[in-house]
Amino acid sequence: MGNCWTCFKSSTENTAGDCVTNTAERTANDNRDATERGETDELLITNSPVHMTNLHTSSGFLTRPVALLNGNANTMGDIIGTIKDSQQVSDHTLLAMYQRYKDQQEDAILSEGIERLCCDLRYKPDDFAILVLAWRLDASQMCRFTRQEFVQGLRNLNADSVDGVRTRLEQTVEKLKEDSELFKQLYRFTFGFGLEPGHRTLSLDMAIILWRLVFTVHTPKLLDRWLYFLAQHAQIRGVPKDTWNMFLNFAETCDITSYNDEEAWPSLFDDFVEYENDRANQNVPEKPDEEDTRQQTLHMDGSL
């Protein structure tokens, strides 16, 4: 059989004449093989750009391209995770999930349905994660999810099951702990979410409750003292939007000992700093007990 490698391509016995290969054909094959090797090698080079492709499934092409495994990819698990995230949720499943919780009389999910949803999600209605859910659904008011808010919100979350929603909420809560800009979006949403229909200011008791809830993460050091101050001044009519929004910056940057009342802070902040300075001069403990503050809050409203 000699040294003719082409003889191994067939299981049948070949003659010596069969081992002779046309020179032009061999050259073309060699060039094609070199090209294919080059493309393969490029995928294996660590510094090569990530190649993108659409992966075909039985239900069609995935909506987003997925990186091929090369030197820049971490693990096959990362690619599988990307594929799962790329899969679209089913509108039929979303609507069925909505029907499970909607009110029997009105085309919306109301208090009773939200409580059942919270139970299925293994959360309490006043848990931080439920505020995050309302934010991700872009809910316009408390105790009510419209069909559009619920279906479009879960579509944006890419979740069409209770377990899927809980997983997305857990992921979002972790992101909020690390991303201050994302938290600012949640914080600003919370004001409008807590408003009573037709009102432009938050009632004081609702503001206290929502401040404690939204600051479950990124809790400012002066939060307990601020809430204690508010609870001691029930005559405050309400909290306007500007005061709510500016408190986040105030809480992050303010040093009470060097506070400048000439700056453009809301007057309520001036009153708070004056109150704290008076307490300090009277040797009152600088920080009220957190449980005392909670009792003040509960005394005013009871619960969410």
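Is Ile 236 buried or exposed? I looked this up first: at 16% relative accessibility, Ile 236 counts as buried (buried is under 20% relative accessible area, exposed over 50%, partly exposed in between, with a 1.4 Å probe and protein chains only).

**Ground rules.** I am working on a predicted model, in which local features need pLDDT of at least 70 and side-chain atom pairs count only at pLDDT 80 or more, while totals for chains, interfaces and linings use all residues. Residues are numbered from 1 along each chain as its sequence is written, and side-chain values use heavy atoms, with hydrogens and water left out.

**Entry: the chain.** I counted 13 helices and 8 strands (DSSP runs numbered from the N terminus, helices being H or I with at least four residues and strands E with at least two). Of the 304 residues, 36% count as buried. I have the accessible surface at about 18,800 Å², with 47% of it belonging to carbon and sulfur atoms (Shrake-Rupley method, 1.4 Å probe; for residues, only the protein chains shown count as cover). I also looked at contacts (heavy atoms within 4.5 Å). Among those between residues at least 6 apart in sequence, 61% join residues at least 24 apart.

**Entry: Ile 236.** I placed Ile 236 in the loop between α10 and β8 (239-240). With neighbours within four places in sequence set aside, Ile 236 is in contact with Leu 204, Leu 230 and Leu 268. I also noted the C-alpha to C-alpha distance from Ile 236 to Ser 203, which is 8.9 Å in space for 33 residues in sequence.

**Entry: helix α9.** Leu 204 took me to α9 (residues 204-214), where Leu 204 is one of the buried residues. Among the buried ones I noted Trp 211 and Arg 212.

**Entry: helix α6.** In α6 (residues 147-157) I found these buried residues: Glu 149, Phe 150, Val 151, Gly 153, Leu 154 and Leu 157. Their cover includes α3 (91-101), β5 (108-109), α4 (111-121), α5 (128-137), β6 (145-146) and α7. After α6 comes Asn 158, with a positive phi near 60°.

**Entry: aromatic pairs.** I have 24 aromatic pairs in the structure (rings of Phe, Tyr and Trp, the last by its six-membered ring, with centres within 6.5 Å; planes under 30 degrees apart are stacked, over 60 edge-to-face, the rest tilted). I checked Trp 226 and Phe 247: the ring centres are 4.8 Å apart and the planes at 25°, so this pair is stacked. Trp 226 belongs to α10 (residues 223-231) and Phe 247 to α11 (residues 241-253), so the pair ties together parts that are 21 residues apart in sequence. Trp 226 is buried at 0% relative accessibility, and Phe 247 is buried with a relative accessible area of 0%. I then took Trp 265 and Phe 269, a tilted pair at 5.9 Å centre to centre with 50° between the planes. Trp 265 is buried at 17% and Phe 269 is buried at 0%.

**Entry: charges over rings.** My criterion is NZ of Lys or CZ of Arg within 6 Å of the ring centre and within 35 degrees of the ring normal. Arg 136 has its charged end over the ring of Trp 135, 6.0 Å from the centre. Arg 166 lies over the face of Tyr 123, 4.4 Å from the ring centre.

What else does Arg 166 contact, leaving aside its neighbours within four places in sequence? I found Leu 121 and Arg 122 as well as Tyr 123. The Arg 166 side chain reaches the backbone oxygen of Leu 121 at 2.5 Å. Arg 166 is in α7 (residues 162-178) and is buried, with a relative accessible area of 17%.

**Entry: cysteines.** I counted 0 disulfides (a disulfide is a pair of cysteine sulfur atoms within 2.5 Å). Cys 118 is in no disulfide, and the nearest cysteine sulfur, in Cys 119, is 8.7 Å away. Seen from Cys 119, the closest cysteine sulfur is that of Cys 118, and 8.7 Å is too far for a bond. Cys 118 is buried, with a relative accessible area of 1%, whereas Cys 119 is exposed, at 57%.

How values were computed. A polar contact is a pair of N or O atoms within 3.5 Å; within protein, one must be able to donate a hydrogen and the other to accept it, and residues adjacent in sequence count only if both atoms are side-chain atoms.
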